[in-house]
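Welcome! Please open the model in your viewer and keep the selection tool at hand. We will go from stop to stop together.

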Amino acid sequence: SYGHYGDNLNMGNHPSSYQNQKNAILSNLSTLPVDLAISLLVGISTSIFLTRPEDLLEDAAKAPLLPGKSVLREELCPSFTREMERINQGYHTYTTSSRNGVDEKQVVSFQDLWKDENIGDFASMKAIRDFVANCHRAESADKDEEK
């Protein structure tokens, strides 16, 4: 009889082995986005927690010295250099009390701000200072190559 033919077409009641394989593959693929997201999250957070910020800042400060044409050097060096020159033109005046009770005015040039003894533990300030200094070095090296 032809009853078996109809049974094969009715996959809702009697799934074939092909349908079982298809369902298994689809269920495995449905977890792929979740697996990728968890892997990325673990990888990124591990990188963030295991990387020392001081090392990243040092590498960023050395970036202008990398050989070849650099978009970073072309775009950031002029802006950072101009801003640092603008800051260096300023000064800060403050009043201190001396031992004899007389107030004394102190003037500090912002140019002195970039010295190691004044920066202290501010790694980001050192990185900015070194970045601009390396911009100047790279610019000088470029001019020497053109000669």
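**A walk around helix 7**

Begin by selecting helix 7: its buried residues are covered by, among others, helix 4 (53–62), helix 5 and helix 6 (116–119). Keep in mind that you are looking at a predicted model.

Now show the side chains on helix 7 that are buried, namely Ala 127, Arg 129, Phe 131, Val 132, Asn 134, Cys 135 and Ala 138.

Next, click on Phe 131. Leaving aside residues up to four places away in sequence, Phe 131 is in contact with Ala 60, Ala 61, Pro 64, Leu 72, Leu 76, Cys 77 and Phe 80.

Two of those names come back when you select the largest nonpolar core, whose five residues are Ala 61, Cys 77, Ala 127, Phe 131 and Cys 135. Helix 7 supplies the largest share of this core, three residues.

Stay with the two cysteines. What joins Cys 77 to Cys 135? A disulfide does, with 2.0 Å from S to S. In general, such a link is a covalent bond between the sulfur atoms of two cysteines. The link between Cys 77 and Cys 135 is left-handed, with -75° about the S-S bond. Cys 77 sits in helix 5 (residues 71–88) and Cys 135 in helix 7 (residues 123–146), so the pair ties together parts that are 58 residues apart in sequence.

Are these cysteines buried or exposed? Cys 77 is buried at a relative accessible area of 7%, and Cys 135 is buried at 4%.

Follow helix 5 along to Ile 87, which has its place there. Ile 87 counts as partly exposed, because its relative accessibility is 27%.

Finally, zoom out to the whole chain. Colour by secondary structure to see seven helices and two strands, which run α-α-α-α-α-β-β-α-α from the N terminus on. Of the 147 residues in the chain, 13% are buried.

Methods:
Residues numbered from 1 in each chain as written. Predicted model: local features only at pLDDT ≥ 70, side-chain atom pairs only at ≥ 80, totals over all residues. Heavy atoms only, no water. Disulfide = S-S within 2.5 Å. Helix = DSSP H or I, 4+ residues; strand = E, 2+ residues; numbered from the N terminus. Buried < 20%, exposed > 50% of the residue type's maximum accessible area, 1.4 Å probe, protein only. Contact = heavy atoms within 4.5 Å. Core = buried A, V, L, I, M, F, W, Y, C linked by side-chain atoms within 4.5 Å.
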